[in-house]
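User: I would like to go through some of the packing in this model and ask what each description rests on.

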Amino acid sequence: MGVLLLFFFIPLLTALGPSIITSASINEAGRNISHEMFVSMMGTENSYFTQALPEDYSPPSVSSAVFELATSINPEDHRSLLGRELPGFALFDGRIIVAGEGVDYTQMPIESAPPMEVLLAEREAANERLEEIERMRQEMDEQELLENVVHIMHAHNRESFFPELNIEDTSNANLANHGEVNITLAGERLGMELAKYGIGSVVDKSDIGAKLNDRGWLYRDSYRMAREVLKGNIEEHGEFEFYFDLHRDAQRRPVTTVEINGVEYAKLLFVIGKNNPNHEKNEDLMTELHRRVEEKYPGLSRGVFDPTKTGTGVNGVYNQDVSPNSILIEFGGVDNSLEEVYRTVEVFAKIFSEFYWETRGENMPGGDEE
């Protein structure tokens with residue numbers, strides 16, 4: 001009966017025109033098939049394929065698969081039902097790869113997407129932060145550094161923090177933007193901290209927001225613009241071993257702050273782009289760094305998140321296809337101060353440096369310093 005239906009169904013689709021089934025739709029459908037399911041399907045024809053499946057793997061229920069195909073509701077995930085009825089519920093349609101301490105779906109990262117006029121608006125800010133960074137530049141001693149180890153950039157470079165801005169109304173996360181006092185200061189601080197451990201870096205502080213405006217592009221094109229900047233840096237400096245894209249979350253203070261030994265830190269969060277075909281290696285790196293952070297500073301990392309969003313304007317790669325050692329890190333949220341962010345940057349820089357030198361089988365320069 002199934003074969004007979006195919007004989008009638010396929011000509012019908014063909015007659016309706018190429019807009020029904022396209023290579024893009026087939027590719028999108030293929031993304032929803034797990035590696036295990038694909039191997040299991042191959043195993044129906046050649047049983048040797050099934051030897052590669054995990055011992056605890058069981059094929060999906062045919063009835064559940066048919067029900068999901070007919071209704072778009074996954075019986076094992078109630079969010080697939082509620083998400084179509086509750087406004088805003090789709091914001092939490094991501095997946096927690098590795099959960100930090102006390103983390104659940106209500107703490108999924110939120111990306112503020114301000115209109116261009118809000119993004120480029122001039123706002124007053126605490127200039128002490130700029131002066132502080134300038135002093136650090138002057139105080140840095142010349143060191144023998146490894147070149148082209150880490151590339152640091154900021155696809156949403158104007159993401160700022162309310163405590164650093166002179167804004168009375170802090171209810172709208174889209175207003176936490178500034179041309180100078182923003183996430184790029186955390187990136188520059190990270191580069192300085194890595195230098196203490198013998199790791200050289202290139203910190204790109206390009207104003208992606210201004211470049212978008214010059215091109216007439218939308219805010220959702222930020223990663224596309226950032227990719228051009230990234231490729232330019234690679235042409236100028238050569239390939240890097242690691243690529244960091246720093247952001248700040250739009251979640252509020254209770255979600256993005258933790259107190260450890262009486263000191264408040266801005267939590268960090270790793271974000272994976274699952275539309276990158278080689279995302280497994282990126283995920284392995286983020287998971288290992290999360291594990292190391294939690295081992296020494298429990299509660300500091302919110303975990304590894306996969307937004308798994310699709311559709312027009314959704315990136316889903318975050319330029320992580322450039323390298324298996326490419327990661328996106330959220331440092332704090334709109335309510336964190338740069339002082340809290342800097343504390344976390346210092347912790348992350350030391351833990352990453354320990355990881356880096358350990359993988360090279362060498363002692364970390366400055367590793368004995370507190």
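Analyst: The model is a predicted one. A definition comes before the helix pair: axes are lines fitted to C-alpha atoms, for helices over the stretch in contact, and angles run from 0 to 180 degrees between N-to-C directions. On that basis, helix α9 (residues 208-215) and helix α10 (residues 222-237) pack at an angle of about 105 degrees, with axes 10 Å apart.

User: Why are α9 and α10 called roughly perpendicular to each other?

Analyst: Angles of 65 to 115 degrees count as roughly perpendicular, and the angle here is about 105 degrees; α9 and α10 are therefore described as roughly perpendicular.

User: Which residues make the contact of α9 and α10?

Analyst: From α9 come Ile 208, Lys 211, Leu 212 and Arg 215, while α10 supplies Ser 222, Met 225, Ala 226, Glu 228 and Val 229. By class, this contact has five nonpolar, one polar and three charged residues.

User: What makes β1 and β3 edge strands of the sheet?

Analyst: The seven strands form an open sheet, with mixed pairing, in the order β1-β8-β7-β9-β4-β2-β3. The strands β1 (95-99) and β3 (199-203) each pair on one side only, and these are the edge strands.

User: How do you know that β2 and β4 pair?

Analyst: Pairing requires at least two bridges between two strands, and four bridges join β2 (residues 146-153) to β4 (residues 242-249), the two running parallel. His 151, for instance, has Tyr 243 in β4 as its bridge partner.

User: Which strands does helix α8 touch?

Analyst: Helix α8 (residues 183-196) packs on the sheet and touches β2, β3 and β4, its direction making about 140 degrees with that of β4.

How values were computed: Residues are numbered from 1 along each chain as its sequence is written. This is a predicted model: local features need pLDDT of at least 70, side-chain atom pairs count only at pLDDT 80 or more; totals for chains, interfaces and linings use all residues. Side-chain values use heavy atoms; hydrogens and water are left out. Angles under 35 degrees count as roughly parallel, over 145 as roughly antiparallel, 65 to 115 as roughly perpendicular and the rest as oblique. Contact means heavy atoms within 4.5 Å. Ala, Val, Leu, Ile, Met, Phe, Trp, Tyr, Cys and Pro count as nonpolar, Asp, Glu, Lys and Arg as charged, and the others, Gly among them, as polar.
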